[in-house]
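I keep these entries for a reader who is new to this structure. They go by topic, in the order in which I looked things up.

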Amino acid sequence: GRPWTMEQRTELFKREHMWGLNTYLYAPKDDYKHRMYWRELYSPEEAEQLVALISAAEQNQIEFIYAISPGLDITFSNPREVAALKRKLDQVKQFGCRSFSLLFDDIETNMCPADKEAFSSFAHAQVAITNEVYQHLGDAKTFLFCPTDYCAAFCSPNVPQSSYLQTVGEKLLPGIDILWTGPKVVSHKISVESIEEVTAVLKRPPVIWDNIHANDYDPQRMFLGPYKDRPTELIPKLRGVLTNPNCEFYLNFVAIHTLATWCKSSPAGEDDQNAQEALRLALLDWMQEFTSTDQPGGSVTLKKELSDEEPMQTDVSESPYVPGPGENPLYTAEPLTLDDLNLLSDLFYLPYEHGPTARMMLEELDWLKNHRQAAAWCGRAGKFDGMCEGVVQMFNRLSNVPNRRVLYDLYNYICDIKSGVGLARAYVKTLGGKTFPLLNDDPEPWGFRGGLSGEFQRMLPGHGNRDLFKHPPMTAVYCIRPYCTEDKVEVQKIFKEMQTEGDVRLQPKLISDGLSSCEIPPSPQCALVVEDDFGVCGYALALTDAKQAAGNDPLLKDYPSLVVVQVLPRVTDPSPAKRMISQLLSSLRNSGSRGVFCELRQSDRRMLDFFSKLGSFKHIPMDKSLSQDAVFMATQL
């Protein structure tokens, strides 16, 4: 899309410095001389701009990395092509740049006949030219290489066995760092195990090039949620982290602010709690930008694009109008609130996750559609209408903020969500017996959304099957509360049911079985249950000091506490179990525990999968004399 202006990039450098970040990678695909016309040198006018930009980065102690992407049409075996690449980077080096990157992402993998004769594989061709350019530059402060297989999903047959990555790892010079986006192009989560796996193949820790906030693939979505689902234990295992943000400059306040907070986080913290606190701090700071009129990008004078017209002026010689008795009062815009920004973030959260308010609105709409005869229908319809009105009021207050440039980056998105919410609101009112012109046989054009693209999608057989909101909803309403003695029978019932579920066998006998069967009472403040519409459907129990049950097991030296979690199969959403675990770990930490372990049976694949995906619990090898069917996982607090 539209490249950021030099003013915006300079403002970005100031923010990076203020927030503790230190790097900027210049790789806009709409700089034609970065990718499409990579061989061409910059003109004097273009050179002047880049010199100023590199200087501005240096003034703010930001490392400026110039990236070039020749992979669309380069012939690797042609010496003139290699010379052109060197000449281009030499020019940028003369601008004051000392860090560079060669990008071979998103290109065709078929080599031309000349390259097939010269190189045994595509990887060998890329490595050869990258090594030669790196050695030519000589004193590059940083040199990054982006492989064509830059995520696990692209690796055939997998990461450890990828011949492409093996060649890159073995042949690329050790001073060159390698970019990696994680399991996918846009990775939901990036685990420590996945990074250790790719590190072994690349023979160096990767630099994460994260697309969690990138929105260039969908013009209806922006992402204002926190940088999350990357455990802070990753930090010492990486060479660095870069983020590909939203296309629009002013929408990236939260993305970059929360990345900066993540980089400074302690590995011992709870990742979900850290992410929510990082979001809270980012929104507090962002609030100031909406009301500012004196920062770059904050001016309220308006000019048409590509026009020499003067900005609109107000005649200050006239006295301000004062309404007389009985006349309409002057319109006064309501100021934006922090609640508005929280709502905005919830509505445009992350690629794989809606924020809490958005989830609640979807759940309420789903319930209202399917329970028209329920006694609680009118009350819940009123609640839903109130949430829709909150979106409208947020839109109105955002539309009146002083900083118009921030608004203009937001406007298409908030206009679209307001319209979508309005249609849902009208639909619920028709369910209640009212008539609305938006939903009649001859609606206005804003009554049917999406244009031709929307019609194509609605005709496809899989339309909606990748929605974040599932039917029945994954995010059903669950209540987590402290365990009480009356819950004993329900906990025992769940424990017995899960022992007979599928292939879960009763052996081996685990210490945690005593907790689940209620033979051993949990420690104070260390017992929770979760309820849904049908009753208790899961539990989480813990012992602060498991020595009373486990004796002098060597495991207890580092992990003195024990936790057990179980939920019924009807709980398809992992969030309730995650929240219970998070609360228990917090209680155990407050009690002074330094570590906690859990026991699982090899046959209990569901809970093994749950703890593995948490990211914080690691497999603990145990003495072979113990049962082969028991799995021990643990985490430090």
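I started with Pro157, which is found in the loop between strand S4 (142-146) and helix H6 (163-171). Helices (H or I, at least four residues) and strands (E, at least two) are DSSP runs, numbered from the N terminus. A cis peptide bond joins Ser156 and Pro157, with omega at about -5°.

I stayed in this loop between S4 and H6 for Thr148. Is Thr148 buried or exposed? Thr148 counts as buried, because its relative accessibility is 7%. I use buried for under 20% relative accessible area, exposed for over 50%, and partly exposed for what lies in between (1.4 Å probe, protein chains only). Leaving aside neighbours within four places in sequence, I found Thr148 in contact with Phe104, Ile107, Thr109, Phe122, Gln126, Phe154 and Tyr164. Contact means heavy atoms within 4.5 Å. With one of these, Gln126, the side chain of Thr148 makes a polar contact of 2.8 Å. A polar contact is a pair of N or O atoms within 3.5 Å; within protein, one must be able to donate a hydrogen and the other to accept it, and residues adjacent in sequence count only if both atoms are side-chain atoms.

**What kind of model.** I note that this is a predicted model, where local features need pLDDT of at least 70 and side-chain atom pairs count only at pLDDT 80 or more, while totals for chains, interfaces and linings use all residues. Residues are numbered from 1 along each chain as its sequence is written, and side-chain values use heavy atoms, with hydrogens and water left out.

pLDDT is the predictor's confidence in each residue, from 0 to 100. The chain has a mean pLDDT of 88, and 89% of its residues reach 70 or more.

**The chain as a whole.** I read off 19 helices and 14 strands. Of the 637 residues, 47% count as buried. Among contacts with a separation of 6 or more, 74% come from residues 24 or more positions apart. The chain exposes about 32500 Å², of which carbon and sulfur atoms supply 53%. Such areas come from the Shrake-Rupley method with a 1.4 Å probe; for residues, only the protein chains shown count as cover.

**Helix H2.** I checked the length of H2 (residues 44-59) next. At 1.5 Å a residue, its 16 residues should span 22 Å, and its end C-alpha atoms are 22 Å apart, which agrees. The expected span is 1.5 Å times one less than the number of residues. Which residues of H2 are buried? They are Ala47, Leu50, Leu53, Ile54, Ala56 and Ala57. Their cover includes helix H1 (6-19), strand S1 (23-26) and strand S2 (63-68). After H2 comes Gln61, with a positive phi near 60°.

Asp106 is not a glycine, yet its phi is positive, about 55°. I placed Asp106 in the loop between strand S3 (99-103) and helix H4 (113-118). At 44% relative accessibility, Asp106 counts as partly exposed. Gln525, also a residue other than glycine, has a positive phi near 65°. Gln525 sits in the loop between helix H16 (511-516) and strand S9 (527-532), and is exposed, with a relative accessible area of 69%.

**The sheet with S9.** I found S9 again in an open sheet of seven strands with mixed pairing, in the order S8-S9-S10-S11-S12-S14-S13. Strand S8 (479-482) and strand S13 (618-619) stand at the edges with a single partner strand each, so one side of each is left without a neighbour in the sheet. Two strands pair if DSSP finds at least two bridges between them. S8 and S9 pair in the antiparallel sense over four bridges, and Arg481 stands opposite Val529 in S9.

Asp629 is in the loop between S13 and strand S14 (630-636). Asp629 is partly exposed, with a relative accessible area of 33%.

**Ala424.** Last, I looked up Ala424 in helix H13 (residues 404-431). Ala424 counts as buried at 17% relative accessibility. Beyond its neighbours within four places in sequence, Ala424 is in contact with Leu365 and Phe384. Leu365 is 59 residues apart from Ala424 along the chain, and their C-alpha atoms are separated by 7.8 Å.
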